[in-house]
Amino acid sequence: MSRFIVSGGERLFGEVEVQGAKNSALPILAATILTKGENVLHNCSRLSDVTTALKILRYLGCSANITGNTAIVNADNMCGSDIPNHLMREMRSSIVFLGAILSRTGKAYLSFPGGCELGPRPIDLHLKALKKMGAKITERHGILECSTDKGLKGAKITLSFPSVGATENIILAAVRAKGTTTITNAAREPEITDLCDYLNSCGADIYGTGEGVIVIDGVDELYSTQHTIIPDRIVGATLMSAAAVTHSDICLKGIIQSHLNSVVPVFEEMGCQLEFSKGDLFFKSPKVLKPVSLVRTMPYPGFPTDAQAPLMAVSTLCEGTSVFVESIFENRFKHVDELTRLGASISVQGKVAVVQGVKHLYGASVEAQDLRGAAGLIVAALGAEGTTDIGGIKYLERGYEDFEVVLSSLGANVKKI
């Protein structure tokens, strides 16, 4: 099992290109099932979750490979409609294949997904929507058996919560369904827009993304295309956190400013200076960080839950008290106990975490228990005195490509063992 050894206290400097978005790559890889011909996906990060998605595609009979950061997928010879349990358990986003497989083959057989244990996700939203589109779904012993007698049909679907996964599954099921599908209270994340941009370039007819109501007119066929995946806004926020906690000046290249609108005010409240110019972000952290009065995670365009842990790590060294309210997942404070091992002062009551800034953090041995918690521990370790030994790096590698290399290129003292 890999671990990170971080010697804190080093200021960061230089520039780095932000990797492609994991949360765009996974649904787009699933969407290739619906197309004819060879798809070429640029800026596709080499992550363990991407590796799992490619394994699933190959298991289904597709040709799926990645060279550098370019994935090439051809689903012409797809012959399967099931995903084995061991692949479903490897990543939490594996459920996104359901809508695509059902649309392509008229049946799907898969288990519930695994991945980080963040508490229950509303999988029922996915299933309820697909049933409304004509799918027959039986749940038995943790297995989903899905089928359609006459193919999927367009429907009017209103989500009780703007679930990203449910929105993606409905879109993938609807693009080749008969008739029109309308999703009200759809997720508005940039990754949803990226998926729809890809599908539209394949010949789909989707409009309204980013506005909360998405309309999909089903088409008979989709064709392959070339597509460049958007930069990962959460990796960008994590690198900004690393610069903030080390009082550093860095440049992030390949940023889309609008995707970071919810996190920028938090860093500015801490006293950081941010300047955007032609896709680059110049970030400067002060010598003394101010606390943030309140960070409340919300669906996009609100503050992203995935950026909560890295920002909390920064707040442990702010001069004052910061408050975090986690509104999305039940178990998103698993990193708190590990941060306290480093000397942080954090109290948790239900969904609220109160962070009293301390003057120093100190290196210790800690264990990550989920993807973003791992990123938060690394950020804290960069700002700590001495050496921190971080386990659970398998979680980090689900969403951060060669993160020790990226941080080292900026001057951090990070080793993977």
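Let me begin with a term: a polar contact is a pair of N or O atoms within 3.5 Å, where within protein one must be able to donate a hydrogen and the other to accept it, and where residues adjacent in sequence count only if both atoms are side-chain atoms. Now some housekeeping. This is a predicted model, with local features needing pLDDT of at least 70 and side-chain atom pairs counting only at pLDDT 80 or more, while totals for chains, interfaces and linings use all residues. Residues are numbered from 1 along each chain as its sequence is written, and side-chain values use heavy atoms, leaving out hydrogens and water.

Let's start at Arg46. Which backbone oxygen does the side chain of Arg46 reach? That of Ile66, at 3.4 Å. Arg46 sits in the loop between strand E4 (38-42) and helix H2; helices (H or I, at least four residues) and strands (E, at least two) are DSSP runs, numbered from the N terminus. Arg46 is partly exposed, at 45% relative accessible area. On that scale, buried means under 20%, exposed over 50%, and partly exposed in between, with a 1.4 Å probe and protein chains only. Not counting residues up to four places away in sequence, Arg46 touches Ile66, Thr67, Gly68, Asn69 and Glu401, where contact means heavy atoms within 4.5 Å. Arg46 and Asp402 are 356 residues apart in sequence, yet their C-alpha atoms are 8.5 Å apart in space.

Several of those partners take us to strand E5. E5 pairs with E6 in the antiparallel sense over five bridges; strands pair if DSSP finds at least two bridges between them. Ala64, for instance, has Val73 in E6 as its bridge partner. The hairpin of E5 and E6 has two residues between the strands, and there Gly68 takes a positive phi near 65°.

Next, helix H2, residues 48-59. Just after H2, Gly61 takes a positive phi of about 105°.

On to the interior. In soluble globular proteins, nonpolar side chains tend to be buried together. Here the largest nonpolar core has 77 residues, and those with the most contacts inside it are Phe97, Ile171 and Leu199. By nonpolar core I mean a set of buried Ala, Val, Leu, Ile, Met, Phe, Trp, Tyr and Cys residues joined through side-chain atoms within 4.5 Å. Leaving aside neighbours within four places in sequence, the contacts of Ile171 include Ile183, Leu195, Leu199 and Ile216. Apart from that core lies another, of 70 residues, among them Leu311, Ile346, Leu361 and Leu396.

Now the rings: there are two aromatic pairs in the structure. Rings of Phe, Tyr and Trp (its six-membered ring) pair if their centres lie within 6.5 Å; planes under 30 degrees apart count as stacked, over 60 as edge-to-face and the rest as tilted. Phe267 and Phe283 have ring centres 5.4 Å apart and planes at 90°, so this pair is edge-to-face. Because Phe267 is in helix H9 (264-269) and Phe283 in strand E19 (280-284), the pair ties together parts 16 residues apart in sequence. Phe267 is buried at 0% relative accessible area, and Phe283 is buried at 2%. The other pair, Tyr400 and Phe403, is tilted, at 4.8 Å centre to centre with 55° between the planes.

Last stop: Ser248, in the loop between helix H8 (233-245) and strand E17 (249-253). Is Ser248 buried or exposed? Buried, with a relative accessible area of 0%. Its side chain has a polar atom 2.6 Å from the backbone nitrogen of Leu12, and a polar contact of 2.7 Å joins the side chains of Ser248 and Thr246. Phe283, from our ring pair, is one of the residues in contact with Ser248.
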